[in-house]
Amino acid sequence: MASPASGILQTVTDHLRPVLTVLRRVRPIVVVGNNAMVTRADDVRAVLGDHEHFTVSHYAPKMAAASGPFILGLDDTELYRRDHAALRAAIRAEDVPALADATLAAARERVAAAGSRIDVVSQLADPVIDGVIAAYFGTPGPDTPTQLRWARDIFQDVFLNVGNGAVVHDRALAAASEMREHLDRLIAERRAQIEAGEDVADDVLTRLLRTPPEDGGLHDIAIRHNFLGLIAGWIPTVSKAFAMVVEELLRRPRELAGAQRAARDGDHELVAAYVFEALRFRPQTWALLRICGTEQVIAPGTRRATRIRAGARVLVATQSAMFDPRAVEAPGQFRVDRPWSTYLHFGDGLHTCFGLQINRVHLPALATALLEGAPIARLPGASGRLRTEGPYPTALGVALRP
Ligand code: HEM
C-alpha cells in the first residue's frame, strides 16, 4: 500500500527536475538558514570531492546505534582506510563477472517461473538480490522478507531520516538488534567451522575470517558492522534503482523496444547504457547529504561564490548535475552513447559507492532477464502502477506475453 507520505515524496520527485533547472540558472547555490543546496555539476563534484570540509559525520551516530562504525559514516581516518582495504581484499574486482552470471541465472529462473506476468519488485528484483547476496557474502537472512525488512528499516534511518523521526529510528534499532544477533551467530558458526578445519565456501565471510587483524583483517565485531552496513546498502538501493529503471522504460516505448532488442542480442553493454540512462531520468536518489565541517566558500572566485557556515547541512543535488547543460550534452535527450563520467548515480570522491563495479553488471543482468523475451507491457489497472511503502518501491506489475 502506498502511504500518503510516499505519494507526496513521489510527487516531489516527479516535479523536482523543472525546479532544479530553474535553480541552476537563477540561484545555483541556495542557502536557507542552516541548510544549503548545490545544483550545478561543477559545485556538486567540488563538494563531493572535498571530503575534508564536507563530511559524512552525520551518518556515524546512526550506524553506531545500529551496530558500529561503517565506512560510509567515517571520514578519511585510519579506521576508514583499514576497513575499506579489508573489505576490498574480500570483495574483489575479479568476482564481478560471476556476480553478473549469478544474477542473470537467478533472474531468468524467476521470469521463467512467473508465466505471463511478473511483479518486477517483489517477484524479481527483491528475491534475486537477496539470493545473490546470501551466496556471495555467505550471510543469508532467516528468509527473504526478514532480510528485506532489516535492510530497509536500517537504510531508511541512516540515510533518509534526516529529521531524526522517532518512529523510523526505533524501527531501525529493533531491526538492527535482530540482525546483529543473526549475523553474530553466522560469524561464530563459520569461525568454528574454519577452526575445525572443515570445508567451507570461498565467500566473503570466509575471506574476512581467514585474514587476521594483524594482517589487515577485521575483528569479528567489525566484520558484523560491515556486513550490516553492506547488506543495508545493497538491497534497498538496487531494488529501488531497478524499479525506477523499469518504470522509466515503460513510459518510453521507443527506448523500451531498443532495450529489449539489445537484451535479445545479448549486448550487455547496450542494455547497461539503457539502464543507467533511464536511471538519470528517474534516479535512486536525487541528492546526497554532507555537513560543512568548517566555514567554506563554494565556487570561490565566481559570481555565484557562496559562504557556507560550519555545521550547515548541504544537499548535493546529483540528479541536477546530471542535467546540467554545462556538463552534459543535450541533457533532456535519452541517449545510450553517453560517457560513463556523465553519471553520478554512485556518488563521487572518497565515498563513491563501494559496489560501483558490481552495480554496473548486477542491474543490467536483472534487466536482461526481464527484457530478452517477447515485448513487455505495463499491466492494466492498479497492478501496473509503481507502488511504494515509505521510501521504497514494493510493486510494479508487468505483462510478459501481452
Ligand atoms: C543501484 C545500487 C546502488 C546505488 C544507487 C548506490 C549508491 C551509492 C551512493 C550514491 C553512494 C555515496 C553516498 C554518499 O556519498 O553519501 C554509495 C556509497 C556506498 N555504497 Fe552504494 N549504491 C548501490 C549499491 C551498492 C552495493 C551493491 C553495495 C555493496 C556491495 C554498496 C555499498 C556502498 C558502500 C559501502 C558505500 C560507502 C563507500 C565509502 O564510504 O567509501 N552500494 N552508494
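Helices (H or I, at least four residues) and strands (E, at least two) are DSSP runs, numbered from the N terminus. Residues are numbered from 1 along each chain as its sequence is written. What I present is a predicted model, in which local features need pLDDT of at least 70, side-chain atom pairs count only at pLDDT 80 or more, and totals for chains, interfaces and linings use all residues; side-chain values use heavy atoms, without hydrogens or water.

I begin with the ligand. Its iron atom has a single donor from the protein, Cys353 (SG), 2.3 Å away. Donors are N, O and S atoms within 2.8 Å of the metal (3.2 Å for Na, K and Ca), and sites may look incomplete because water is not among the atoms. Cys353 sits in the loop between helix H13 (318-321) and helix H14 (356-371).

The ligand is surrounded by 26 residues, each with a heavy atom within 4 Å of it. Which elements each supply at least two residues of this shell? They are helix H4 (78-90), helix H10 (220-250), strand S5 (288-292) and H14. H10 gives the largest share, 6 residues.

Polar contacts, pairs of N or O atoms within 3.5 Å, come next. An oxygen atom of the ligand is 2.5 Å from a side-chain N or O atom of Tyr80; the value of 2.5 Å also applies to Arg290 and to His351.

Finally, the backbone. Asn164, not a glycine, has a positive phi of about 55° and lies in the loop between helix H7 (144-160) and helix H8 (166-195). Ala299 has a positive phi near 55°, in the loop between strand S6 (296-298) and strand S7 (306-308).

Key:
A polar contact is a pair of N or O atoms within 3.5 Å; within protein, one must be able to donate a hydrogen and the other to accept it, and residues adjacent in sequence count only if both atoms are side-chain atoms.
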